[in-house]
Amino acid sequence: MSVELPPLAHFQNDEIIRARMQRIDQRPVVMEVRGLGKTFATPGGGGVRALDHISLQIHRREFLCVIGPSGCGKSTLIRILAGLETMSEGEVLIDGKPVRGPGPDRGMVFQGYTLFPWLSVRDNIAFGPRMAGRRGHAVESEVEQWMTMVGLERFADHYPHQLSGGMKQRVAIARALANRPRILLMDEPFGALDAQTRANMQRHLLDIWERVNVTICFITHDLDEACYLADRILVLDAHPGRVREVVDVPLPHPRGPEQFLSPAFLATKAHISHLIHPPQHQAPRPELPRLTPVGDDVY
Ligand SMILES: Nc1ncnc2c1ncn2[C@@H]1O[C@H](COP(=O)(O)OP(=O)(O)O)[C@@H](O)[C@H]1O
Ligand SMILES: [Mg+2]
């Protein structure tokens, strides 16, 4: 059974959606990428062209998702934005200043759990502020606030090995936000979680984003996740990673799981799926040997 959906532009032209996108565009640009390219050197020479001519702007408190097939350069891109990887060409600016390396203005959350195993939840979250030389009651009460924000106040004295995957990622988010970054860079942060926990974390991240002055750049290869979270989705092509399209997501806020079945959501998902897996490029179904007797058919 197939359902006829209006084209994505039909939903994007909605007055409320257009007004929202205009408001985002009027906000100051927090991060700008200009003509970014990256070639990895390979032992045999030649090199691997991972990213090519990437340009983008992320406005204050925008939620941008970057989506693309595996190997298209998503992690390379976010590592360059974080200052953890060098670029071959182009530039990355944060608040108009060039990025030269990692800095507290950018918080990172990875898929792999990156908490300090020897520190409690409280001390993991307090790590950044303490490294910045901040001490005393103000920091302690701020850390308490972050634990409440991610719903872990009862687990303050637990260690990472005593926490579930979802709880560890909550700590990772709080730890990144405790440095008060201008932008939160997230590389498939929920990729290792089970479906239920993942859905809870998505909802929770939107709640946090609503309450904290932070801009988010979120990498995923999951269409549902991107459409649910993002204001805009940057779709990347692979080999080399290039910007295919920047898609405005025509879903009103606040978002909720009921939107997963809305026509606007389905049209967005269909549009992006078509960009990433064009019908002419779909792999043919392989010829498999038949291991059941003729007549013993499932259809
Ligand atoms: N350190 C590296 N050295 C050489 N090639 C790399 C390195 N890191 C990534 N690549 C290559 O760059 C491309 C993009 O990788 P990556 O950014 O990890 O993609 P994604 O995160 O989208 O799956 C891939 O072809 C990968 O093999
Ligand atoms: Mg990756």
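**Secondary structure.** I counted nine helices and ten strands in the protein chain. I note that the model is a predicted one.

**Overall dimensions.** I looked up the extent of the C-alpha trace, which spans about 75 × 55 × 45 Å along its principal axes. I recorded 33% of the 299 residues as buried. Among contacts with a separation of 6 or more, I found that 71% join residues 24 or more positions apart.

**Domains.** I took the bounds from the domain assignment, which gives domain 1 (1-100 + 183-277) and domain 2 (113-180). I noted a distance of 26 Å between the C-alpha centres of domain 1 and domain 2. Their contact involves eleven residues of domain 1 and seven residues of domain 2. On the side of domain 1 that touches domain 2, I found helix α7 (residues 195-211) to give the most, with four residues.

**Nonpolar core.** I examined the largest nonpolar core, which has 70 residues, and found that Ala174, Cys217 and Ile233 touch the most other members. Helix α6 (residues 165-177) supplies the largest share of this core, six residues. I also saw that domain 1 and domain 2 each contribute at least three residues to this core. I then listed the contacts of Ala174, leaving out residues up to four places away in sequence: Ile125, Trp146, Met147, Met149 and Val150.

How values were computed. Residues are numbered from 1 along each chain as its sequence is written. Chains are lettered from A and ligands numbered from 1 in the order in which they are written. This is a predicted model: local features need pLDDT of at least 70, side-chain atom pairs count only at pLDDT 80 or more; totals for chains, interfaces and linings use all residues. A nonpolar core is a set of buried Ala, Val, Leu, Ile, Met, Phe, Trp, Tyr and Cys residues joined through C-beta atoms within 7 Å. A residue is buried if 20 or more other C-beta atoms lie within 10 Å of its own, exposed if 12 or fewer, and partly exposed in between; C-beta atoms are placed from the backbone. Helices (H or I, at least four residues) and strands (E, at least two) are DSSP runs, numbered from the N terminus. Domain bounds come from an automatic or database domain assignment. Two residues are in contact if their C-beta atoms, placed from the backbone, lie within 7 Å.
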